[in-house]
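Here are a few exercises to work through with the model open in your viewer. Try each task yourself before reading the solution below it.

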Amino acid sequence: METYKLDYLEQLEAESIYIMREIAAQFEKPALLFSGGKDSITLVHLAIKAFAPMKIPFPLVHIDTGHNFPEALHFRDYFAETIGAELIVRSVENTIKAKKLAEPKGKFASRNWLQTHTLLDTIEEFGFDACIGGARRDEEKARAKERFFSVRDEFGQWDPKLQRPELWNIYNGRISKGENVRVFPISNWTELDVWNYIKKENIQLPTIYFAHNRDVIEYDGQLIAVSDFIQIDESDTIVNKKVRYRTVGDMTCTAAVESHAETLDEVVNEITASRISERGETRIDDKVTEAAMEDRKKGGYF
């Protein structure tokens, strides 16, 4: 008798689809946090598979800092329209004005810390009780502390010491009024897993993930895209290099990597050879302090 076995990508897919269905079963009003980046695109692809032939049963939510890469924004709108999903966009710029928040200053003034205010306001506005995110455990130390179902208190705060046990495939989504849960269905995936899955499923991505020519400045060994959102000093030299992005955050805090990888196969080969995580290599905001990400998550960040 022939035994049917799943390969490792099929196992990861099955686990994530199971979690997607658990979200729909356990929560009244979930939402999927969508940036137009590869991880959130993968999440949507998994959700489509989980609930086919019906449409995905939750909206896509983007917290727009105003400092996004144009390529990601264009793809966000195109993708949501193509799959027929509801897209909810809320602006950090509007939150800054409404709450009179002080913007960070400096050469690479990032609004990442301010996203939390807009996200929590959006959760309250729509009454979301679960927010699905694309965080993975291999990205960063604080993210490695998360469970699949990560409870936030009534103030949107996360306590890494109060994590619920997750035995086998049993997930506890019970919450009190005002609390919400952040759910991370691809926690067990690595960056290479995501890229191999994208290749296998032929998932469309923004062009920014593939090698292209871009004006950048070299700063502390990193390549930062020239934009209206960063401060160009006289000492900065603008150069045109062939680069791509491993992760797509704000233009103020995301560095490019030199690359000639123009196809999925070439990107997979490049990631396979890399020994540095994508956030470790390209995210400036994670290097503010040793615990920068954990501090943001405790305050309500994704």
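This is a predicted model: local features need pLDDT of at least 70, side-chain atom pairs count only at pLDDT 80 or more; totals for chains, interfaces and linings use all residues.

**Exercise 1. Work out which strands make up the closed barrel, and in what order they run.**

Solution. Start by tracing the barrel: it has four strands, in the order β7-β8-β10-β9, and the pairing is antiparallel. From one strand to the next, the twist averages 65 degrees.

Next, look at both neighbours of β10. Strand β8, residues 222-225, is joined to β10, residues 255-258, by two bridges, and the two strands run antiparallel. Here Leu-223 has Ala-256 of β10 as its bridge partner. Strand β9, residues 238-244, also pairs with β10 in the antiparallel sense, over two bridges.

**Exercise 2. Classify the aromatic pair of Tyr-18 and Tyr-171, and find out which parts of the chain it ties together.**

Solution. The structure holds 14 aromatic pairs, and this is one of them. Begin with the geometry: the ring centres of Tyr-18 and Tyr-171 are 6.3 Å apart, and the planes make an angle of 50 degrees. Planes under 30 degrees apart would count as stacked and those over 60 as edge-to-face, so an angle between these limits is called tilted.

Now place the residues. Tyr-18 belongs to helix α1 (residues 8-26), while Tyr-171 sits in the loop between β5 (149-152) and β6 (180-183), so the pair connects parts that are 153 residues apart in sequence.

Finally, check the accessibility. Tyr-18 is partly exposed, because its relative accessible area is 32%. Tyr-171, at 8%, counts as buried.

**Exercise 3. Decide whether the ring pair of Trp-189 and Tyr-197 is stacked, tilted or edge-to-face.**

Solution. The centres of the Trp-189 and Tyr-197 rings lie 5.1 Å apart, with the planes at 85 degrees, so the pair is edge-to-face. Then turn to burial, for which the cut-off is under 20% relative accessible area. Trp-189 is buried at 1% relative accessibility, and Tyr-197 is buried at 0%.

Conventions
Residues are numbered from 1 along each chain as its sequence is written. Side-chain values use heavy atoms; hydrogens and water are left out. Two strands pair if DSSP finds at least two bridges between them. Axes are lines fitted to C-alpha atoms, for helices over the stretch in contact, and angles run from 0 to 180 degrees between N-to-C directions. Rings of Phe, Tyr and Trp (its six-membered ring) pair if their centres lie within 6.5 Å; planes under 30 degrees apart count as stacked, over 60 as edge-to-face and the rest as tilted. Buried means under 20% relative accessible area, exposed over 50%, partly exposed in between (1.4 Å probe, protein chains only).
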